[in-house]
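Hello,

Here is the structure I promised to send over. My notes follow below it.

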Amino acid sequence: MKSRFPFQAPSLVALATTLALSAGAQAQTLSPALMFSQNVQAQAQTEQGLPIFPESQYRSDVASVEDVLGYPLGSRISSPEQIRQYYDHLVEAHPDRIQLIPYAESWEGRELFYVVVSSAENLNQLDDFESNMRRIADPRSLNDRDARDLLEQTPATVWIANSVHGNEISPAESSMALTYHLLADQSEKTAGLMDNTIVYIDPLQNPDGRARFVSRYYATVGLSPSADRLSAEHNEPWPNGRTNHYLFDMNRDWLALTQPETRGRIAAIQQAYPLIFVDSHEMGGDLPYYFSPEAHPFNPHIVGPQREVLEWIGRNNASWFDDFGYDYFTREIFDAFYPGYGASWPLYHGSISMTYEMGSARGHQFRTRDGDILTYGDGVQQNFVAFMSTIELAAERGDELKQRFFDYRKNAVDQGGKGDVRSYVFPATRDAAGHQKLASVLTEQGIEVYRASESFRACGEEYAEGAFVVNAAQPTYHLIRTLLDDNVPMDDDFIEEQERLRANNLPDQIYDVTAWSLPLMFNLDMQSCNRAPRVALERFEGERIAQGSLDNPDAGYGFIVPWGDMSGVRFLSAALQEGLRVRSSDLAFTHDDETEYSAGSLIISRAGNPDDLTATVERIALASGAAVKGVDSSWMRSGPNVGSANVKTMHQPNVAMVWDEPTNVLSAGSTRFLIEQEANYPVTAIRPAQLSSADLSQYHVLLMPATGRGSYSQAFGEQGRENLRSWVQGGGVLITLGNATRFVIEGDNPLLNSSLEPKSQPEEVSGRDTSVAEIITTDEQLNHRIQDASADPDWVSGVIARVDVDQEHWLTAGVPERVNSMYIGRDIYTPLTINHGRNVASFAASDEVLASGYLWDENRQQIAYKPLVMVQPQGRGMVISFTQEPNYRAYVDGMHLFLMNAIFRGSAQASPTR
């Protein structure tokens with residue numbers, strides 16, 4: 001193919017190197033204050049020509065980044081406020097060709113927004129075009145003629161989303177380059193693109209994370225930016241800028257929608273239904289540029305025509321990158337299997353979505369392992385070229401893209417009405433709060449959810465009024481199957497290759513978790529059915545938390561709150577913070593009015609509480625979603641009475657958690673999020689340096705999130721370990737999550753008498769005497785001989801495992817007999833012996849333990865019956881250990897009550913000095 005260029009694009013790398021050397025020489029004669037200014041200016045000169053694109057002729061009446069912000073594009077890492085300032089200026093100056101639309105607010109109060117750029121004629125009809133796309137997205141309401149007319153009337157659309165990881169810095173800057181070019185360039189090519197496409201640009205998906213990165217980077221950089229990967233500016237402190245305020249990786253959040261940024265983005269996309277969605281990222285600076293097609297495995301609900309378009313886009317990008325002389329790679333590392341990526345989720349709505357990954361300078365400049373200097377401007381420019389290539393493809397093949405989008409949605413309805421799975425039914429006989437939340441999460445994703453208005457029978461089962469029903473014959477059929485099926489399989493040939501790699505002690509290619517079924521993670525009963533139920537249905541349109549209720553508010557004795565879902569937790573949290581006297585039964589009971597209550601249910605008597613108790617209880621009930629019942633007597637037909645030792649006073653615990661290194665950023669964030677945002681309860685974050693020697697007597701509960709780099713033993717030292725032991729024995733409740741459990745099993749006198757298991761291996765491996773010479777006569781003998789007898793279990797990327805729960809322990813109050821937990825990693829713990837404590841939850845038998853995902857067979861056999869949750873008393877306190885994280889990504893909702901029991905009920909069971 002003939003080059004598009006009459007010239008060779010200048011090398012930004014070469015310019016950066018020359019100017020850096022020049023600036024270094026001049027700096028020898030300058031004062032320190034001037035040296036920093038001179039060096040930054042030299043860096044600014046490097047990128048002053050950005051963006052670079054053939055035949056561009058920029059209008060003088062469109063302000064550049066330098067005109068508005070005072071520095072050339074790509075010469076400085078712009079803060080969220082500076083990016084917003086530039087866009088506000090463009091919108092004010094050119095309202096006919098660019099619109100700014102807010103869509104969410106971050107936890108730290110920053111407004112998230114996207115801009116829409118197109119010709120003045122197109123933007124004047126934007127509302128009509130978006131309405132057209134929403135109509136096209138529901139073929140059930142269109143005949144073929146109407147659909148054809150809408151497709152012809154509506155321009156192609158591209159959505160470019162940037163920097164969901166706040167420290168992946170160049171895409172956000174590239175968004176300004178793209179916007180400037182589309183508005184300022186007078187070439188026929190750009191005018192044609194604007195006539196034929198509508199471009200949505202989300203400049204900054206994670207403003208809180210970027211603000212954290214930018215402030216720390218410029219606080220660390222010296223007289224001139226360093227390219228050395230060892231320099232402080234290239235090694236962010238904990239937590240780095242990747243995550244949002246609550247330390248979530250929002251590129252894993254698209255299926256559970258736990259964060260407000262994600263929820264807003266999902267809603268915005270469903271207003272426009274873009275044909276192409278680009279999620280622009282950065283990766284390690286030693287790699288060049290990545291774009292589609294994706295690596296294997298593909299999710300089976302990504303259909304053939306979509307994969308074909310991914311190939312089109314990749315080839316067009318490659319052509320442009322060849323012309324510019326940019327290296328790239330495809331089909332490696334970044335797969336399209338997990339649906340919770342920004343680059344995946346739109347695919348299940350019929351769009352074409354993909355990730356772009358630029359090698360990151362992670363600052364102004366970075367020396368690669370090949371010795372090249374990669375600049376920030378290099379990333380800004382290469383992203384810009386990829387964006388322009390994508391818009392070009394959309395403009396040139398817009399008719400095909402629109403038709404394929406419509407066909408995808410139309411075929412989805414047909415498949416849902418004819419396939420083996422035509423509906424999903426949730427009996428909703430327990431965990432009302434969980435069903436309400438899941439139904440809302442599905443609805444937010446564009447899935448139609450219904451509730452039965454009467455009892456009915458379907459697929460051999462009887463269901464009561466109020467059951468939830470999801471019919472598969474919807475345009476979102478593929479998303480429904482992806483989110484609700486127990487298991488989404490990977491290709492057999494991919495699995496075979498992973499087993500081959502593992503057998504040769506090579507790393508597998510599984511990029512993320514292999515299981516994510518929302519009903520399983522919520523631990524809700526669900527039946528898939530081969531036909532749609534014949535029953536009167538009402539469309540569900542509720543919020544995540546239903547309004548609670550108070551029955552019999554004038555009851556003489558007091559009130560009872562059922563325990564068993566998060567509405568009870570929210571009620572308890574608010575009641576304790578309001579200063580109410582609340583008691584909770586360790587055992588199930590039946591009240592005199594014949595109502596049965598599970599263990600953990602709350603009892604609030606009028607005696608010992610304020611005179612305005614009724615009003616307070618009603619207010620809390622309505623907000624929490626709890627169904628509270630007033631009772632005239634304390635008499636119980638069965639189970640403990642209120643005065644029993646089995647009914648505990650629920651004291652208001654002072655809760656702390658470990659924060660900072662060595663905690664895993666994601667684990668720390670999700671732990672804090674669940675306590676503060678799901679339970680609405682305050683938690684104090686304390687760094688290890690303070691925990692090692694501080695007086696902790698004011699705290700009742702301490703949570704230790706999973707670790708990342710390093711260990712708690714290193715962070716605390718022996719002094720810190722003994723300080724924690726003394727606190728626990730004095731009545732503290734120490735809760736370990738995931739691999740934090742390693743800390744409490746270490747030492748000669750561990751806080752938890754369990755241990756980590758090595759990999760279970762055949763006797764020929766584990767029992768051999770390596771000090772004796774042996775004769776090897778078969779391949780099998782050789783294979784046994786080369787195995788490491790002390791190896792750890794193989795790493796598991798992530799499956800959903802079934803867990804059996806001891807129903808006779810206070811910690812399991814309200815928790816069903818079987819729950820589902822994520823299993824990730826390689827930690828397998830020995831059960832506690834009965835003289836040390838209780839294994840209150842254990843993985844199911846080997847033939848039942850795997851609920852979803854792909855699990856190595858040896859691991860499947862070895863984790864069977866091993867503990868998930870252990871409790872060991874220590875003096876007046878206790879250690880509660882979750883061997884897997886119940887807080888993982890905050891989306892294993894079926895485990896959240898278990899964690900809250902550990903916090904609130906654990907505190908009530910301990911005996912500190914109060």
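Is the disulfide of Cys459 and Cys529 right-handed or left-handed? The torsion about its S-S bond is about 85 degrees, so it is right-handed. Please keep in mind that this is a predicted model.

**The disulfide**

The count comes to one disulfide. The sulfur atoms of Cys459 and Cys529 lie 1.6 Å apart, and the cut-off for a disulfide is 2.5 Å. The pair ties together distant parts of the chain, 70 residues apart. Cys459 sits in the loop between β14 (456-458) and β15 (461-463). Cys529 belongs to strand β17 (residues 527-529). Cys529 has 3% relative accessibility, so it counts as buried; the limit for that is under 20%.

**The sheet**

Next, a six-stranded sheet. It is open, its pairing is mixed, and its order is β19-β25-β20-β24-β21-β27. Which strands stand at the edges? They are β19 (549-551) and β27 (647-649). Each has a single partner strand, so one side of each is left without a neighbour in the sheet. From one strand to the next, the twist averages 25 degrees.

Inside the sheet, β20 (residues 558-561) and β25 (residues 627-631) run antiparallel. Three bridges join them. Gly558 stands opposite Val631 in β25. Helix α20 (residues 613-624) packs on the sheet. It touches β19, β20, β24 (602-605) and β25. The direction of α20 makes about 140 degrees with that of β19.

**Helix α12**

How many residues does helix α12 have? It has 21, residues 304-324. From its first C-alpha to its last, α12 reaches 31 Å. That is close to the 30 Å expected at 1.5 Å a residue. Gly325 follows α12, and the phi of Gly325 is positive, near 80 degrees.

**Gln474**

Gln474 lies between β16 (468-471) and α16 (477-484). Is Gln474 buried or exposed? Its relative accessibility is 2%, so Gln474 counts as buried. Leaving aside neighbours within four places in sequence, Gln474 is in contact with Arg140, Ala412, Val413, Gly446, Ile447, Glu448 and Ile480.

Best wishes

Key. Residues numbered from 1 in each chain as written. Predicted model: local features only at pLDDT ≥ 70, side-chain atom pairs only at ≥ 80, totals over all residues. Heavy atoms only, no water. Helix = DSSP H or I, 4+ residues; strand = E, 2+ residues; numbered from the N terminus. Buried < 20%, exposed > 50% of the residue type's maximum accessible area, 1.4 Å probe, protein only. Pairing = 2+ DSSP bridges. Axes fitted to C-alpha atoms, helices over the stretch in contact; angles between N-to-C directions. Contact = heavy atoms within 4.5 Å. Expected span 1.5 Å × (residues − 1).
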